[in-house]
Amino acid sequence: MHRFMLLIGPGILVAATGIGAGDLATAAFTGSHLGVAVLWAVPVGAAMKFVVSEGLARWQLSTGTTLLKGASLRLGRPVQYIFLVYLLLWSFFVGSALISACGVTAQAIFPFWKDDQTGKIIWGICHSAVGVVLVRWGSFRLFENVMRLFIGVMFVTVIVTAGLLVESWEAIFRGLYIPSIPYGDGEGVSWTVALIGGVGGTVTILCYGYWIQEAGRHGVSGLKVCRIDLAIAYTMTALFGLAMLIVGSTLEIEKERSSQLIVALANQLEKPLGTFSRWTFLIGAWGAVSSSLLGVWQSVPYLFADFYGILRAEPGGRDLRQTPAYRNFLYGLAIVPLTGLFYHFREIQKWYALIGAGFMPLLALVLLLMNSRSDWIGKRLRNGWVAYAALLVTVLFFVVFGAIEIQRRW
């Protein structure tokens with residue numbers, strides 16, 4: 001069992017990092033506004049993330065270079081600077097969303113401050129600081145063990161809670177198998193796209209490449225293991241996303257109460273399920289958002305350090321975690337988004353998810369171009385017709401839904 005957990009370690013990290021960022025808040029808000037009719041969007045989002053992650057793994061295992069480095073070398077400088085701007089924007093919004101979520105959850109469990117806003121700020125700062133300490137001075141093995149603990153706690157508590165709250169299994173199955181988007185508050189399309197974009201992470205998908213490096217996977221022989229652990233990761237992600245959407249559908253979440261989302265959800269559980277369920281849900285929710293924060297703090301600086309090394313034409317094979325670029329970006333990621341603690345959590349979460357959703361078609365398009373070139377990736381691992389079709393569908397999906405949303409707003 002221990003060997004199996006080590007084998008699927010990178011996939012567990014993908015699930016633990018993605019779950020909590022998009023799945024908890026975005027799914028809960030979407031469920032509150034649109035109900036269980038959009039359950040179908042969760043497995044769709046998870047499937048798209050699997051396709052993209054698998055393509056990323058194929059590129060890296062075949063070429064021995066990260067996708068970021070490959071895209072920079074093959075597609076030129078414009079790609080590098082577009083990515084840098086996007087990474088900085090995404091880092092601010094995701095950092096703000098995670099720090100806010102951790103602060104709100106911790107204040108609900110340990111209400112040491114009478115004013116919830118003050119408690120959110122103080123607890124959010126504490127979580128960000130602890131994340132820096134664990135990443136900067138802890139080992140990768142410690143990081144993996146902490147993440148496994150978090151994902152175990154959050155998975156069990158949230159899945160069980162959702163199962164106890166289901167009022168109509170017929171409505172659940174209908175929402176899964178019949179795609180529809182209720183008009184809701186006039187933002188049905190944007191919330192659905194945000195849900196699909198938020199399921200299982202966005203920019204953090206690129207970090208899977210660095211985690212499989214840490215696990216020592218190289219060459220074609222590592223692809224089968226990658227497919228197994230990604231399948232497990234996104235199955236868990238989909239189940240968690242479905243559970244959070246079901247839980248959110250049982251509660252009316254108003255804008256002025258958005259900063260108290262987790263408290264409102266937990267209080268909703270106390271009537272039908274009792275005080276014990278309220279506390280277990282709070283602990284599970286805390287595990288979700290804390291694991292996501294820790295995963296982002298550990299993984300996203302890899303991207304900047306790799307990017308910085310590419311610009312300076314530094315040799316490969318370096319331990320990116322020991323570079324000044326990694327450390328400096330980690331500190332910036334932990335400090336700059338703290339300003340988001342003073343804004344409404346609902347709006348931060350929505351912008352984070354929408355910006356993340358915009359990343360998906362770009363990443364799928366890059367994989368369409370790069371993984372289809374036999375002279376770049378080799379004949380053995382280039383896109384087959386199934387991978388090509390799946391990546392094309394991912395691109396078209398976001399383009400079409402984006403066009404519909406733009407037309408509606410204008």
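A residue counts as buried when its relative accessible area is under 20%, as exposed when that area is over 50%, and as partly exposed in between. Gln-80 comes out at 6% relative accessibility, so it counts as buried. Keep in mind that this is a predicted model.

**Gln-80 and its surroundings**

Gln-80 belongs to helix H6, which covers residues 77-109. Which residues does Gln-80 touch once those up to four places away in sequence are left out? The list is Ser-72, Phe-307, Ile-310 and Leu-311. Helix H14 runs over residues 275-311, and we'll come back to that helix a few times below.

**The overall picture**

The fold has 18 helices and zero strands. There are 410 residues in the protein, and 58% of them count as buried. If you take contacts between residues at least 6 apart in sequence, 85% of those contacts join residues at least 24 apart.

**The nonpolar core**

The largest nonpolar core holds 128 residues, and the ones that touch the most other members are Leu-67, Phe-281 and Trp-297. Helix H14 gives the most to this core, with 16 residues.

Leu-67 is worth a look in your viewer. Setting aside neighbours within four places in sequence, Leu-67 is in contact with Leu-56, Trp-59, Leu-206, Leu-363, Val-366, Leu-367 and Met-370. Two of those names turn up again around Trp-376, whose own contacts include Trp-59 and Met-370. Also touching Trp-376 are Thr-63, Arg-74, Leu-75 and Leu-369, again not counting residues up to four places away.

Trp-376 sits in helix H17 (residues 374-377). Is Trp-376 buried or exposed? At 17% relative accessibility it falls under the 20% cut-off, so Trp-376 counts as buried. The chain also brings Trp-376 and Gly-70 together: 306 residues separate them in sequence, while their C-alpha atoms are 9.2 Å apart.

**A proline in H14**

Pro-301 lies in helix H14. With 0% relative accessibility, Pro-301 counts as buried. Leaving out residues up to four places away in sequence, Pro-301 touches Val-296, Tyr-326, Phe-329, Leu-330 and Leu-333. From Pro-301 to Asn-328 is 27 residues along the chain, and 8.3 Å from C-alpha to C-alpha.

**Aromatic rings**

A pair of aromatic rings is described by the distance of the centres and the angle of the planes. The structure holds 13 aromatic pairs. Here are two of them:

| Pair | Centre to centre | Angle between planes | Arrangement |
|---|---|---|---|
| Trp-169 and Phe-173 | 6.3 Å | 35° | tilted |
| Tyr-210 and Tyr-302 | 5.1 Å | 5° | stacked |

Trp-169 and Phe-173 are four residues apart in helix H9 (residues 169-177), so about one helical turn separates them. Phe-173 is partly exposed, because its relative accessibility is 44%, a value between the 20% and 50% limits.

The tyrosine pair has planes at 5°, so the pair is stacked, given that planes under 30 degrees apart count that way. Tyr-210 is buried, with a relative accessible area of 2%, and Tyr-302 is buried at 3%.

Elsewhere, Phe-110, Phe-112, Trp-113 and Trp-123 form one aromatic cluster.

**Charges over rings**

The charged end of Arg-278 sits over the ring of Trp-279, at 5.1 Å from the ring centre. Arg-136 lies over the face of Trp-137, with 5.4 Å to the centre of that ring.

**Cysteines**

How many disulfides are there? A disulfide is a covalent bond between the sulfur atoms of two cysteines. The count here comes to zero, using a cut-off of 2.5 Å between the sulfur atoms. Cys-102 counts as buried, because its relative accessibility is 0%, whereas Cys-126 is partly exposed, with a relative accessible area of 35%.

Key. Residues numbered from 1 in each chain as written. Predicted model: local features only at pLDDT ≥ 70, side-chain atom pairs only at ≥ 80, totals over all residues. Heavy atoms only, no water. Helix = DSSP H or I, 4+ residues; strand = E, 2+ residues; numbered from the N terminus. Buried < 20%, exposed > 50% of the residue type's maximum accessible area, 1.4 Å probe, protein only. Contact = heavy atoms within 4.5 Å. Phe/Tyr/Trp six-rings, centres within 6.5 Å; stacked < 30°, edge-to-face > 60°. Lys NZ or Arg CZ within 6 Å of the ring centre and 35° of its normal. Core = buried A, V, L, I, M, F, W, Y, C linked by side-chain atoms within 4.5 Å.
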